[in-house]
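Hi everyone, thanks for making time this morning. I'd like to walk you through one structure, so please have a look at the sequence and the model on the screen.

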Amino acid sequence: MSAKMSSKELKSIFEKYAAKEGDPNQLSKNELTLLIQTEFPSLLKGPSTLEDLFKELDKNGDGEVSFEEFQVVLNKIAQ
């Protein structure tokens, strides 16, 4: 992940993966897994797992991750 990724770049990456299955405005767990493994593998370093990351991102507990949920955590990580 580049140090400064614009909101537009993040949205483009999000949409590329979200469109793979189901709701094109939400990431399923499978879509999020593929996105993280491909685009942001450094997020998987350390004690957190994809399951932990999904739980942290899915703030409303609907089983999917919206762009807003996704962006909040990425912004935290980028700081």
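**Helices, rings and a few residues**

Let me start with a pair you can find quickly: Phe67 and Phe70 both lie in helix α4, three residues apart, which is about one turn of the helix. A word on what we are looking at: this is a predicted model, where local features need pLDDT of at least 70, side-chain atom pairs count only at pLDDT 80 or more, and totals for chains, interfaces and linings use all residues. Residues are numbered from 1 along each chain as its sequence is written, and side-chain values use heavy atoms, with hydrogens and water left out.

Now the overall layout. The protein chain has four helices and two strands. Reading from the N terminus, the order is α-β-α-α-β-α. The chain has 79 residues, and 33% of them count as buried. Buried here means under 20% relative accessible area, exposed means over 50%, and partly exposed is in between, using a 1.4 Å probe and protein chains only. As for contacts, meaning heavy atoms within 4.5 Å, take those between residues at least 6 apart in sequence: 46% of them join residues at least 24 apart.

Back to the rings. How many aromatic pairs are there? The count comes to four. The rule is that rings of Phe, Tyr and Trp (its six-membered ring) pair if their centres lie within 6.5 Å; planes under 30 degrees apart are stacked, over 60 edge-to-face, and the rest tilted. One of the pairs is Phe40 with Phe70, which is tilted, at 6.4 Å centre to centre and 55 degrees between the planes. Phe40 sits in the loop between α2 (29-39) and α3 (50-57), while Phe70 is in helix α4 (residues 67-78), so this pair ties together parts that are 30 residues apart in sequence. Phe40 and Phe70 are both buried.

Phe67 and Phe70 also form a tilted pair, with 6.4 Å between centres and 45 degrees between the planes. Step back, and ring pairs link Phe14, Phe40, Phe67 and Phe70 into a cluster.

While we are on Phe67: its relative accessible area is 7%, so it counts as buried. Leaving out residues up to four places away in sequence, Phe67 touches Ser7, Leu10, Lys11, Phe14 and Asn25. The C-alpha atoms of Phe67 and Leu27 are 8.1 Å apart, although these residues are 40 apart along the chain.

Next, the helix packing. Two packed helices are described by the angle between their axes and the distance between the axes. The axes are lines fitted to C-alpha atoms, for helices over the stretch in contact, and angles run from 0 to 180 degrees between N-to-C directions.

Take helix α1 (residues 7-18) and α2: their axes come within 9 Å and cross at roughly 130 degrees. α1 and α2 are therefore oblique to each other. For the wording, under 35 degrees is roughly parallel, over 145 roughly antiparallel, 65 to 115 roughly perpendicular, and the rest oblique. On the α1 side the contact is made by Ile13, Phe14, Lys16, Tyr17 and Ala18, and on the α2 side by Glu31, Leu34, Leu35, Thr38 and Glu39.

How do the axes of α2 and α3 cross? They come within 11 Å and cross at roughly 115 degrees, which makes α2 roughly perpendicular to α3. The residues in contact are Lys29, Leu32, Thr33, Ile36 and Gln37 from α2, with Leu50, Glu51, Leu53, Phe54 and Leu57 from α3.

Glu31 touches Tyr17, Ala18, Ala19, Lys20, Glu21 and Gln26, not counting residues up to four places away in sequence. Its C-alpha is 5.7 Å from that of Tyr17, 14 residues away along the chain.
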